[in-house]
Amino acid sequence: MIVEAAGRLFFGSGFARVSMDDLARELGMSKKTIYRHFPDKRSLLAAVLDRQFAAVERTLVAATEDAAGQPFDVRVQRFLIAAGSELGRIGAPQLATGRGDAMLRQYVEQRVDAVVYRRLDELFGEGHRQGLLPAPPELLSEITRGALERLLMSELPRDLDWTAADLLRATVDTVLYGAIRPTGQGIGDEQSRAVIPTARDDDQEVGP
(Lines give C-alpha, C1' and ligand atoms only; values in the text may rest on other atoms or scores of the structure.)
Protein backbone atom coordinates (compact mmCIF):
# COMPACT_ATOMS: atom_id res chain seq x y z
CA MET A 1 0.00 0.00 0.00
CA ILE A 2 2.85 2.38 0.87
CA VAL A 3 4.71 1.62 -2.35
CA GLU A 4 1.61 2.08 -4.48
CA ALA A 5 0.79 5.47 -2.92
CA ALA A 6 4.42 6.60 -3.14
CA GLY A 7 4.49 5.68 -6.82
CA ARG A 8 1.43 7.81 -7.52
CA LEU A 9 2.93 10.81 -5.75
CA PHE A 10 6.50 10.42 -7.01
CA PHE A 11 5.49 10.06 -10.64
CA GLY A 12 2.66 12.56 -10.41
CA SER A 13 4.45 15.43 -8.67
CA GLY A 14 8.10 14.46 -8.97
CA PHE A 15 10.31 12.71 -6.44
CA ALA A 16 11.99 15.88 -5.18
CA ARG A 17 8.67 17.64 -4.55
CA VAL A 18 7.12 14.89 -2.44
CA SER A 19 7.99 14.74 1.24
CA MET A 20 7.41 11.92 3.68
CA ASP A 21 4.83 14.20 5.32
CA ASP A 22 2.96 14.36 1.99
CA LEU A 23 3.02 10.58 1.76
CA ALA A 24 1.83 10.17 5.34
CA ARG A 25 -1.12 12.48 4.68
CA GLU A 26 -1.95 10.60 1.47
CA LEU A 27 -1.99 7.29 3.34
CA GLY A 28 -3.64 8.57 6.50
CA MET A 29 -0.88 7.16 8.70
CA SER A 30 2.05 8.45 10.69
CA LYS A 31 5.55 8.87 9.30
CA LYS A 32 6.70 6.52 12.04
CA THR A 33 4.67 3.72 10.45
CA ILE A 34 6.23 4.41 7.05
CA TYR A 35 9.75 4.49 8.50
CA ARG A 36 9.10 1.11 10.11
CA HIS A 37 9.05 -0.36 6.57
CA PHE A 38 11.36 2.06 4.74
CA PRO A 39 14.24 3.75 6.60
CA ASP A 40 14.38 6.73 4.23
CA LYS A 41 12.85 8.27 1.14
CA ARG A 42 15.50 6.84 -1.18
CA SER A 43 14.82 3.26 -0.09
CA LEU A 44 11.12 3.85 -0.72
CA LEU A 45 11.82 5.17 -4.20
CA ALA A 46 13.96 2.08 -4.88
CA ALA A 47 10.98 -0.09 -3.97
CA VAL A 48 8.74 1.98 -6.26
CA LEU A 49 11.22 1.60 -9.12
CA ASP A 50 11.56 -2.14 -8.51
CA ARG A 51 7.81 -2.40 -8.97
CA GLN A 52 7.89 -0.21 -12.09
CA PHE A 53 10.73 -2.17 -13.70
CA ALA A 54 8.96 -5.45 -12.96
CA ALA A 55 6.02 -4.10 -14.98
CA VAL A 56 8.40 -3.02 -17.78
CA GLU A 57 9.91 -6.50 -17.84
CA ARG A 58 6.49 -8.14 -18.10
CA THR A 59 5.60 -5.88 -21.03
CA LEU A 60 8.84 -6.67 -22.87
CA VAL A 61 8.48 -10.40 -22.31
CA ALA A 62 4.94 -10.21 -23.70
CA ALA A 63 6.14 -8.19 -26.72
CA THR A 64 8.87 -10.76 -27.40
CA GLU A 65 6.45 -13.66 -27.12
CA ASP A 66 3.85 -11.97 -29.34
CA ALA A 67 6.46 -11.37 -32.05
CA ALA A 68 7.85 -14.92 -31.97
CA GLY A 69 7.92 -16.40 -35.47
CA GLN A 70 7.79 -12.96 -37.12
CA PRO A 71 10.60 -11.69 -39.41
CA PHE A 72 13.64 -10.40 -37.53
CA ASP A 73 13.02 -6.72 -38.32
CA VAL A 74 9.46 -6.98 -37.00
CA ARG A 75 10.70 -8.54 -33.78
CA VAL A 76 13.25 -5.75 -33.28
CA GLN A 77 10.73 -3.05 -34.10
CA ARG A 78 8.10 -4.36 -31.70
CA PHE A 79 10.62 -4.80 -28.92
CA LEU A 80 12.02 -1.27 -29.29
CA ILE A 81 8.61 0.38 -29.50
CA ALA A 82 7.49 -1.48 -26.38
CA ALA A 83 10.76 -0.58 -24.60
CA GLY A 84 10.54 3.08 -25.58
CA SER A 85 6.93 3.32 -24.47
CA GLU A 86 7.68 1.73 -21.10
CA LEU A 87 10.84 3.75 -20.40
CA GLY A 88 8.99 6.93 -21.29
CA ARG A 89 6.09 5.97 -19.05
CA ILE A 90 8.27 5.64 -15.95
CA GLY A 91 10.61 8.52 -16.83
CA ALA A 92 13.71 6.31 -16.74
CA PRO A 93 15.96 8.51 -18.92
CA GLN A 94 15.27 11.57 -16.77
CA LEU A 95 15.93 9.60 -13.59
CA ALA A 96 19.16 8.17 -14.96
CA THR A 97 20.65 11.42 -16.28
CA GLY A 98 19.10 14.19 -14.20
CA ARG A 99 20.35 15.85 -11.09
CA GLY A 100 19.96 14.18 -7.75
CA ASP A 101 21.28 11.20 -5.88
CA ALA A 102 24.24 9.53 -7.64
CA MET A 103 23.40 6.12 -6.19
CA LEU A 104 19.84 6.44 -7.46
CA ARG A 105 21.04 7.28 -10.98
CA GLN A 106 23.37 4.29 -10.92
CA TYR A 107 20.53 2.07 -9.73
CA VAL A 108 18.23 3.19 -12.57
CA GLU A 109 20.99 2.71 -15.15
CA GLN A 110 21.66 -0.81 -13.89
CA ARG A 111 17.98 -1.72 -14.01
CA VAL A 112 17.55 -0.34 -17.54
CA ASP A 113 20.62 -2.30 -18.63
CA ALA A 114 19.33 -5.53 -17.10
CA VAL A 115 15.69 -5.25 -18.16
CA VAL A 116 15.97 -3.59 -21.59
CA TYR A 117 19.42 -3.42 -23.13
CA ARG A 118 20.62 -6.90 -22.23
CA ARG A 119 17.64 -8.29 -24.12
CA LEU A 120 18.33 -5.94 -27.03
CA ASP A 121 21.97 -7.10 -27.13
CA GLU A 122 20.78 -10.70 -27.29
CA LEU A 123 18.37 -9.88 -30.11
CA PHE A 124 21.00 -8.09 -32.21
CA GLY A 125 23.47 -10.89 -31.49
CA GLU A 126 20.97 -13.43 -32.76
CA GLY A 127 20.43 -11.44 -35.95
CA HIS A 128 24.17 -11.18 -36.51
CA ARG A 129 24.65 -14.93 -36.09
CA GLN A 130 21.89 -15.55 -38.63
CA GLY A 131 23.66 -13.31 -41.14
CA LEU A 132 20.87 -10.72 -41.06
CA LEU A 133 22.99 -7.90 -39.63
CA PRO A 134 26.32 -7.19 -41.34
CA ALA A 135 27.23 -4.48 -38.81
CA PRO A 136 28.66 -5.52 -35.42
CA PRO A 137 25.78 -6.08 -32.98
CA GLU A 138 27.63 -4.07 -30.32
CA LEU A 139 27.61 -1.03 -32.60
CA LEU A 140 23.91 -1.39 -33.35
CA SER A 141 23.17 -1.67 -29.63
CA GLU A 142 25.06 1.54 -28.86
CA ILE A 143 23.41 3.45 -31.71
CA THR A 144 19.95 2.25 -30.75
CA ARG A 145 20.41 2.97 -27.07
CA GLY A 146 21.63 6.51 -27.70
CA ALA A 147 18.84 7.26 -30.16
CA LEU A 148 16.13 5.87 -27.91
CA GLU A 149 17.23 7.72 -24.79
CA ARG A 150 17.82 10.99 -26.65
CA LEU A 151 14.43 10.81 -28.29
CA LEU A 152 12.65 10.20 -25.01
CA MET A 153 14.21 13.34 -23.53
CA SER A 154 13.90 15.60 -26.57
CA GLU A 155 11.38 18.26 -27.52
CA LEU A 156 10.93 16.81 -31.03
CA PRO A 157 7.36 15.59 -30.52
CA ARG A 158 6.33 19.17 -29.75
CA ASP A 159 8.62 20.87 -32.28
CA LEU A 160 7.66 18.63 -35.21
CA ASP A 161 4.04 18.20 -34.15
CA TRP A 162 4.33 14.44 -34.53
CA THR A 163 2.96 11.86 -32.17
CA ALA A 164 5.43 10.01 -29.98
CA ALA A 165 4.43 6.86 -31.85
CA ASP A 166 5.44 8.42 -35.19
CA LEU A 167 8.84 9.53 -33.89
CA LEU A 168 9.59 6.21 -32.26
CA ARG A 169 8.66 4.25 -35.38
CA ALA A 170 10.78 6.57 -37.56
CA THR A 171 13.74 6.13 -35.20
CA VAL A 172 13.44 2.36 -35.19
CA ASP A 173 13.05 2.22 -38.98
CA THR A 174 16.07 4.47 -39.51
CA VAL A 175 18.23 2.20 -37.34
CA LEU A 176 16.99 -0.92 -39.11
CA TYR A 177 16.83 0.25 -42.73
CA GLY A 178 18.92 3.43 -43.00
CA ALA A 179 17.91 6.99 -43.82
CA ILE A 180 18.88 7.36 -47.50
CA ARG A 181 16.66 6.13 -50.32
CA PRO A 182 18.25 4.60 -53.43
CA THR A 183 18.73 7.07 -56.29
CA GLY A 184 15.61 7.50 -58.37
CA GLN A 185 13.24 6.25 -55.74
CA GLY A 186 10.20 8.44 -55.28
CA ILE A 187 8.49 9.48 -52.11
CA GLY A 188 5.58 7.22 -52.85
CA ASP A 189 7.68 4.10 -53.30
CA GLU A 190 7.34 1.27 -50.85
CA GLN A 191 10.77 1.50 -49.21
CA SER A 192 10.34 5.17 -48.33
CA ARG A 193 7.71 4.23 -45.81
CA ALA A 194 10.43 2.84 -43.58
CA VAL A 195 11.62 6.32 -42.61
CA ILE A 196 8.61 8.55 -43.21
CA PRO A 197 6.15 8.51 -40.31
CA THR A 198 2.57 7.54 -40.90
CA ALA A 199 -0.19 10.11 -40.73
CA ARG A 200 -0.99 11.24 -37.23
CA ASP A 201 -3.40 9.03 -35.41
CA ASP A 202 -3.75 10.03 -31.78
CA ASP A 203 -5.99 7.06 -31.09
CA GLN A 204 -3.44 4.54 -32.32
CA GLU A 205 -1.87 2.62 -29.50
CA VAL A 206 1.89 2.52 -29.07
CA GLY A 207 2.91 -0.94 -28.02
CA PRO A 208 3.79 -4.40 -29.12
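Does Arg 8 count as buried, partly exposed or exposed, and at what relative accessibility? At 46% relative accessibility, Arg 8 counts as partly exposed; buried means under 20% relative accessible area, exposed means over 50%, and partly exposed lies in between, with a 1.4 Å probe and protein chains only.

This is a predicted model, in which local features need pLDDT of at least 70 and side-chain atom pairs count only at pLDDT 80 or more, while totals for chains, interfaces and linings use all residues. Residues are numbered from 1 along each chain as its sequence is written, and side-chain values use heavy atoms, with hydrogens and water left out.

The protein has ten helices and zero strands. Helices (H or I, at least four residues) and strands (E, at least two) are DSSP runs, numbered from the N terminus. Along the sequence the pattern reads α-α-α-α-α-α-α-α-α-α. Of the 208 residues in the protein, 34% are buried. Among contacts with a separation of 6 or more, 62% are between residues 24 or more positions apart; a contact means heavy atoms within 4.5 Å. The accessible surface comes to about 12,200 Å², and 51% of that surface belongs to carbon and sulfur atoms. Accessible areas come from the Shrake-Rupley method with a 1.4 Å probe, and for residues only the protein chains shown count as cover.

Salt bridges come next. A salt bridge is a side-chain nitrogen of Lys or Arg within 4 Å of a carboxyl oxygen of Asp or Glu, and a search of the whole structure finds eight. In one of them, Arg 8 pairs with Glu 26, with the closest N and O atoms 3.3 Å apart. Arg 8 lies in helix α1 (residues 2-13) and Glu 26 in helix α2 (residues 20-27), so this pair ties together parts that are 18 residues apart in sequence.

Lys 31 is partly exposed at 33% relative accessibility, and Asp 21 is partly exposed at 38%.

Asp 50 and Arg 111 form another salt bridge, their closest N and O atoms being 3.9 Å apart. Asp 50 is in helix α4 (residues 41-66) and Arg 111 in helix α7, so the pair ties together parts that are 61 residues apart in sequence. Asp 50 has a relative accessible area of 36% and is partly exposed; Arg 111 is partly exposed with 24%. Elsewhere, salt bridges that share partners join Glu 4, Arg 8 and Glu 26 into one network.

Helix α3 also holds Lys 32, which is exposed with a relative accessible area of 64%. The C-alpha atoms of Lys 32 and Met 20 are separated by 10.0 Å, and these residues are twelve apart along the chain.

Patches are made of residues with over 30% relative accessible area and no salt bridge; like charges are joined within 9 Å, and nonpolar side chains (Val, Leu, Ile, Met, Phe, Trp, Tyr) within 5 Å. Asp 121, Glu 122, Glu 138 and Glu 142 form a negative patch. Lys and Arg count as positive and Asp and Glu as negative, while His and the chain ends are not counted; a charge is placed at NZ of Lys, CZ of Arg, CG of Asp or CD of Glu. Helices α7 (102-129) and α8 (137-153) each supply at least two residues of the negative patch. Glu 142 is in helix α8 and counts as exposed at 56% relative accessibility. Ser 141 is also found in helix α8, but is buried, with a relative accessible area of 8%. Not counting residues up to four places away in sequence, Ser 141 touches Asp 121 and Phe 124.

Leu 156, Leu 160 and Trp 162 make a nonpolar surface patch of about 240 Å². Leu 156 is in helix α9 (residues 156-160) and is partly exposed at 36% relative accessibility. Asp 161 sits in the loop between α9 and α10 (164-177). Phi of Asp 161 is near 55°, a positive value in a residue other than glycine.
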